[in-house]
Amino acid sequence: AQAALATIRYSSDLGDAVANADLVIEAVPENLDLKRDIYTRLGELAPAKTIFATNSSTLLPSDLVGYTGRPQKFLALHFANHVWVNNTAEVMGTTQTDPAVYQAVVDFATAIGMVPIELKKEKAGYVLNSLLVPLLDAAAELLVDGIADPETIDKTWRIGTGSPKGPFEIFDIVGLNTAYNISSVSGPKQQEFAAYLKKNYLDQGKLGIATGEGCYRY
């Protein structure tokens, strides 16, 4: 572990960070304009060999590919939360992604101990979030409609399904700021949930596990 840690370095200079990179995995917040700006800069700074992969959980690669400057070397590589335990890596290309690049990223995911989940075409939410988001949306609706509190909703899901985590525990893991960003640009009910999150959590600095308190205290 110490040897691995010794090979990691940080940089606040994007050009320095990608100067000799084989693969860049982008994980900036779920903001389309921000991501497009990052890729415009990356495309100018990274060498021609560099593969770009977005870790976006909601945006499609085709929303970003036109800003990369290298459509054949761009795709999505999406990790689950708690990736050291839930070790899926979803790989999703566009119609322009070079099959050899796609395979290289699948091989990379395998090499770092992930289970590559290969998608045959683009789908917002990939496989994992296509299954997870309807659960989270349903939980949010139960809350904002005053049907039940987070503890009751989570307890019901855990007991009824055997799942180790309820939806609001999952929200805390994902981060309430991420949940807010996604909900605020979704449908009317999700936007109502976003307003609830802002008033009851974000404005009080409660972002989930990352800050020690969200829907629950840690």
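The dialogue below takes up a helix, the nonpolar cores, a loop residue and a surface patch.

A: Please note at the outset that this is a predicted model.

Q: How many residues of helix H7 are buried?
A: A residue counts as buried when its relative accessible area is under 20%. In helix H7 (residues 167-174), six of the eight residues are buried, so the helix is largely enclosed by the rest of the structure. The six are Pro-167, Phe-168, Glu-169, Ile-170, Phe-171 and Asp-172.

Q: What covers the buried residues of H7?
A: The cover includes four helices: H5 (128-144), H6 (150-161), H8 (176-183) and H9 (188-200). After H7 comes Gly-175, which has a positive phi, near 110°.

Q: Which residues touch the most other members of the largest nonpolar core?
A: In soluble globular proteins, nonpolar side chains tend to be buried together. Here the largest nonpolar core has 19 residues, and those that touch the most other members are Phe-168, Phe-171, Leu-176, Phe-193, Leu-197, Tyr-201 and Cys-215. Two or more residues of this core are given by each of H5, H7, H8 and H9. H5 supplies the largest share, seven residues. A second, separate core holds 13 residues, among them Ile-51, Phe-79, Ala-89 and Met-114.

Q: With which residues is Phe-168 in contact, leaving aside its neighbours within four places in sequence?
A: Phe-168 is in contact with Ala-139, Ala-140, Leu-143, Pro-150, Ile-153, Asp-154, Phe-193, Cys-215 and Tyr-216.

Q: Where is Thr-97 placed, and does it count as buried or exposed?
A: Thr-97 sits in the loop that runs between strand S4 (88-93) and helix H4 (99-111). Thr-97 counts as buried because its relative accessibility is 10%, and the cut-off for burial is under 20%.

Q: Which backbone atoms lie by the polar side-chain atoms of Thr-97?
A: A polar atom of the Thr-97 side chain lies 2.8 Å from the backbone oxygen of Phe-74. The backbone nitrogen of Thr-94 is 2.9 Å from a polar atom of that side chain. Leaving aside neighbours within four places in sequence, the contacts of Thr-97 are Pro-71, Gln-72, Phe-74, Leu-75 and Tyr-102.

Q: Which residues make the nonpolar surface patch?
A: Leu-5, Ile-8 and Tyr-10 make a nonpolar surface patch of about 410 Å². Leu-5 belongs to helix H1 (residues 2-6). Leu-5 counts as exposed because its relative accessibility is 52%, and the cut-off for exposure is over 50%.

Methods. Residues numbered from 1 in each chain as written. Predicted model: local features only at pLDDT ≥ 70, side-chain atom pairs only at ≥ 80, totals over all residues. Heavy atoms only, no water. Buried < 20%, exposed > 50% of the residue type's maximum accessible area, 1.4 Å probe, protein only. Polar contact = N/O pair within 3.5 Å; in protein donor to acceptor, adjacent residues only side chain to side chain. Contact = heavy atoms within 4.5 Å. Patch = residues over 30% accessible without salt bridge, like charges linked within 9 Å, V, L, I, M, F, W, Y side chains within 5 Å. Areas by Shrake-Rupley, 256 points an atom, 1.4 Å probe, with all protein chains shown as cover. Salt bridge = Lys/Arg side-chain N within 4 Å of Asp/Glu carboxyl O. Core = buried A, V, L, I, M, F, W, Y, C linked by side-chain atoms within 4.5 Å.
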